[in-house]
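The sequence and model are shown below.

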Amino acid sequence: MSSPDTRPPSVVPPAVSAPRAGESFRAKSIATRITETEFVEIESAASAQGKKVAEWLREAALAQARGRRADETDPVLLAELVAIRTLFVNLFASASKGPLSEDSIRKMVAYADSIKLQKAEEFLASRKEGKTGKI
């Protein structure tokens, strides 16, 4: 017989850590139906970012719901705007001195194209650092 102090081992549930301040558990789910083609598109997009489909969908839905954030500027579009700005400034500066040759216009366009990506990247980097960077 066993003594009153010796009980059979009980099953203890695994410890669940308490949520940190400001953190909550995801308890809601959303279901939707998509075509096979749509699934392949979504799966490909998630994979390209190294994420699982559910994680990618959650982030995409929340980004849409919250609106586009300032740090999500399209770098290609920004680069083209930088090129246009550079070209206008150079065209006006040169035109104020007299007529422009076709060759000088081509050089200005080539210069604007050559610096646009670098200037756009510098601008975006300065914004991430909290600076109000100039292009």
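Threonine 86 lies in helix H3 of this predicted model. Its relative accessibility is 15%, and the cut-off for burial is under 20%, so threonine 86 counts as buried. Apart from neighbours within four places in sequence, threonine 86 is in contact with Tyr111, Ala112 and Ile115.

Helix H3 consists of 21 residues. From the first C-alpha of H3 to the last is 30 Å, close to the 30 Å expected at 1.5 Å a residue. Thr86 is one of the buried residues of H3, together with Leu78, Ala79, Val82, Ala83 and Leu87. What do the buried residues of H3 pack against? They pack against H4.

The two helices cover residues 75-95 (H3) and residues 102-128 (H4). Their axes come within 7 Å and cross at roughly 135°. H3 is therefore oblique to H4: an angle over 145 degrees would count as roughly antiparallel, and one of 65 to 115 as roughly perpendicular. The crossing of H3 and H4 is right-handed.

The residues that form the contact of H3 with H4 fall into three classes, tabulated here.

| Class of residue in the H3 and H4 contact | Number |
|---|---|
| nonpolar | 17 residues |
| polar | three residues |

Taken together, threonine 86 is a buried residue of a helix whose buried residues pack against H4, and Tyr111, Ala112 and Ile115 are its contacts beyond four places in sequence.

Notes
Residues are numbered from 1 along each chain as its sequence is written. This is a predicted model: local features need pLDDT of at least 70, side-chain atom pairs count only at pLDDT 80 or more; totals for chains, interfaces and linings use all residues. Side-chain values use heavy atoms; hydrogens and water are left out. Axes are lines fitted to C-alpha atoms, for helices over the stretch in contact, and angles run from 0 to 180 degrees between N-to-C directions. Helices (H or I, at least four residues) and strands (E, at least two) are DSSP runs, numbered from the N terminus. Angles under 35 degrees count as roughly parallel, over 145 as roughly antiparallel, 65 to 115 as roughly perpendicular and the rest as oblique. A crossing is left-handed if the near helix is turned anticlockwise from the far one by less than a right angle, and right-handed if clockwise. Ala, Val, Leu, Ile, Met, Phe, Trp, Tyr, Cys and Pro count as nonpolar, Asp, Glu, Lys and Arg as charged, and the others, Gly among them, as polar. Buried means under 20% relative accessible area, exposed over 50%, partly exposed in between (1.4 Å probe, protein chains only). Contact means heavy atoms within 4.5 Å. The expected span of a helix is 1.5 Å times one less than its number of residues.
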